[in-house]
Amino acid sequence: MIYFDNSATTQVDVRVVDAMIPYLYESYGNPSSKYYKFAIDAKNAIEEARNHVSQLLCCETDEVIFTAGATESNNMLIKGVVEMYGGNKRHLVISKAEHSSVMETAKYLESKEVKVTYLSVDKFGRVNLNEFEECLEAEPTLISIQWGNNELGSLNDIEYMSKKSAERGIFFHTDATQVVGKVPVNLKNTEVRFLSCSAHKFHGPKGIGAAIIRKDSLGIKTKIVPLIHGGGQENEYRSGTHSVHNIVGFGKAAEIAIKEQLEAAAVLSSLEIELRNRLSNAFTDVIKFNSDKDNKIPGIVNVQFKGINNELLIKKISDRFAISTGSACSSSKPSHVLQSIGLSLNEVRSSVRISLSKTNTVEEIESFCNALAGK
Ligand code: PMP
């Protein structure tokens, strides 16, 4: 099986697995139990992991809140900020190309009488900056724009948008799930107040992520209404017993990404060029690329095969290759992301996403293109 669905999830790095095992079997204490070695070891391991995650994102350690993944982080941050600061003028701004965990949260809030503005995106899924500037006039409670798109790979200008929002005193959240660990993120160069990310997108374990809640310019903690109430772990932001082994795995994946992400990005970029060239040469008349070539997360290619049903195509090669129609989180519906960039339903139904990993090879790309050509 050749795996080309790395936007859905990635293989856990063996160094991550090795780091996690002791916290399942040896130091298996509950870190909140505090008094004895097992618990203290677990607590120390969590703080070491928090340190690595904060270094990866260039933020403070106490701004990293561990959650069960980016779906939870998006829910927690968006609902928690709108409820805390919305008053009687609750207004959320998102883009039309957001992940379902942002989109469905917005729809839920709309049903609770929160005003939601949906910004249009261009043909590659980047936010329309004119509409963005206009939305600032209304001084919404929160603007939530993804850093990079999970189906197309396109990057938004988060530095610019977060700074413009902050100038008006508007909170800015970014879903950076597809970006963190693949493209350098330096929060110090932005005015992002809230960020969501997830370990399993960059060779960490599933079921662990972070909500980053940055302090204000005076160094005062930003409060939000918690999504989960209970024992007050994670500084009262997120209750629930820590998933120590997962947190350790997340920390290890972050530590590896700090050292290796640039090198991995270079490998991914050259594999992406190889894939695009081979597809263009082999299927000149029947393909159209939905994804851009530049200013994107390396390794994500979205392509239409005109007149061919995407599900049939994927199933035909599924004994040897793993690719997808788009987001695994909305796989039962035609992609709203591809519709937001202006594709017809027929075009959406003939589009596939191929998302590479740093461990893929040119030979794998070659056999994939041969299989598509029926060779
Ligand atoms: N946001 C984006 C952009 C994603 O790609 C994903 C994962 N498909 C999520 C959020 C949800 O992440 P998780 O799987 O950690 O809940």
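**Aromatic rings and an open sheet**

Trainee: Are F4 and F368 buried or exposed?

Mentor: In this predicted model, local features need pLDDT of at least 70 and side-chain atom pairs count only at pLDDT 80 or more, while totals for chains, interfaces and linings use all residues. Residues are numbered from 1 along each chain as its sequence is written, and side-chain values use heavy atoms, with hydrogens and water left out. Buried means under 20% relative accessible area, exposed over 50% and partly exposed in between, with a 1.4 Å probe and protein chains only; by this rule F4 and F368 are both buried.

Trainee: How are the rings of F4 and F368 paired?

Mentor: Rings of Phe, Tyr and Trp (its six-membered ring) pair if their centres lie within 6.5 Å, and planes under 30 degrees apart count as stacked, over 60 as edge-to-face and the rest as tilted. The structure holds 8 aromatic pairs. For F4 and F368 the centres are 5.3 Å apart and the planes stand at 85 degrees, so this pair is edge-to-face.

Trainee: In what order do the strands of the open sheet stand?

Mentor: Strands are DSSP runs (E, at least two residues), numbered from the N terminus, and two strands pair if DSSP finds at least two bridges between them. Here 3 strands with antiparallel pairing form an open sheet, in the order β9-β10-β12.

Trainee: Why is one side of β9 and of β12 left without a neighbour in the sheet?

Mentor: Both β9 (287-289) and β12 (351-355) stand at the edges. One side of each is left without a neighbour because each has a single partner strand.

Terms used
Helices (H or I, at least four residues) and strands (E, at least two) are DSSP runs, numbered from the N terminus.
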